[in-house]
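Visitor: Please take me through one part of this model in detail. I want the helix packing.

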Amino acid sequence: MATSDLLDLSGKVIVITGGAQGIGEATAELCAARGASVVIVDYNAEVGTKTATRLSEGSQHVDFVATDVRDAEQVKAVFDFVQQKYQRLDGLVCGAGVLIGPWLQPEEFPIEDFERTLDINMKGAFLCSKYAAPMLEASGKGVMILIASIAGVSAASSSLAYGASKGGVNGLGMTLESHLRPRGIRVNVLCPGNIVTAMKLSVERRLPAKVGRSMKRSSKPSKIMACLRVSLA
Ligand SMILES: NC(=O)c1ccc[n+]([C@@H]2O[C@H](COP(=O)([O-])OP(=O)(O)OC[C@H]3O[C@@H](n4cnc5c(N)ncnc54)[C@H](O)[C@@H]3O)[C@@H](O)[C@H]2O)c1
């Protein structure tokens, strides 16, 4: 089978959370370009609408549904919308996420920021899986992709809450896989390294002050900065 056949998503309906920008936006663009109907879910209505409008310029259907993935009612409404419009769901990509409190020691870390991070990164993915599972099962070959991170799985994070949440997403994904495989749903957890997005750059901007030296002068750049340079080259 040719590679192009493997990536043909014609006729598929795919929900992508965090699809307004960054990795989610790139995923939405790829899926739309491969023929899928895409539903972008994000709480940033301004950017999400722009992204959906841009991606709809071809012949593809790209919707935007303003949603906070922490809110069960809002998440349920996304899948009600998909059921009503398409009567099917083939894929779910959970990319909505935040990184809060980089470089803070535990005693400095605000409890509400810890809870907010877990609510968005981990509970948000659970809520999406909860309402998507019956529809993915009905499609016969549904796919669920959770975007975790190397942070919390095989490397340390700059943020205690982020590292904890991403370890949780990995555990959620492995458990979902064992529960949903018998129902015909394939679950994968992706653990990216450092990708240059708004999230990553907002952390990197705070690094020089934290370590007390400028990025340019640093004779021993951190692993993350080295990756960023390579990515930006
Ligand atoms: N950039 C990296 O280096 C990297 C590495 C590993 C994993 N990841 C993960 O990849 C995913 C995408 O990250 P990114 O780098 O593209 O970041 P990003 O900040 O560019 O995108 C995250 C998106 O999630 C949305 N979002 C945040 N909270 C939300 C909420 N409560 N409800 C709905 N949407 C919400 C934001 O509005 C944004 O559009 C995240 O889960 C992140 O943890 C990123």
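Is the crossing in which α5 passes α6 left-handed or right-handed?

Guide: This is a predicted model: local features need pLDDT of at least 70, side-chain atom pairs count only at pLDDT 80 or more, and totals for chains, interfaces and linings use all residues. Residues are numbered from 1 along each chain as its sequence is written.

α5 passes α6 in a right-handed crossing (the near helix is turned clockwise from the far one by less than a right angle). Helix α5 spans residues 111-139, and helix α6 spans 160-180 (helices are DSSP runs of H or I, at least four residues, numbered from the N terminus). Their axes lie 8 Å apart, at an angle of about 15 degrees (axes are lines fitted to C-alpha atoms over the stretch in contact; angles run from 0 to 180 degrees between N-to-C directions). The two helices are therefore roughly parallel (under 35 degrees).

On the α5 side, the contact includes Phe114, Leu118, Met122 and Phe126 (C-beta atoms, placed from the backbone, within 7 Å). α6 brings residues including Tyr162, Val169, Leu172 and Leu176. By class, the contact has 13 nonpolar, 5 polar and 2 charged residues (Ala, Val, Leu, Ile, Met, Phe, Trp, Tyr, Cys and Pro are nonpolar; Asp, Glu, Lys and Arg charged; the others, Gly among them, polar).

α5 also packs with helix α4, residues 72-86. Here the angle is about 25 degrees, and the axes are 9 Å apart. That makes α4 roughly parallel to α5. The crossing of α4 past α5 is right-handed. Ala72, Val75, Lys76, Phe79 and Gln83 in α4 meet Leu127, Cys128, Tyr131, Ala132 and Met135 in α5. This contact divides into 8 nonpolar, 1 polar and 1 charged residue.

Technical notes: Parallel < 35°, antiparallel > 145°, perpendicular 65-115°, else oblique. Contact = placed C-beta atoms within 7 Å.
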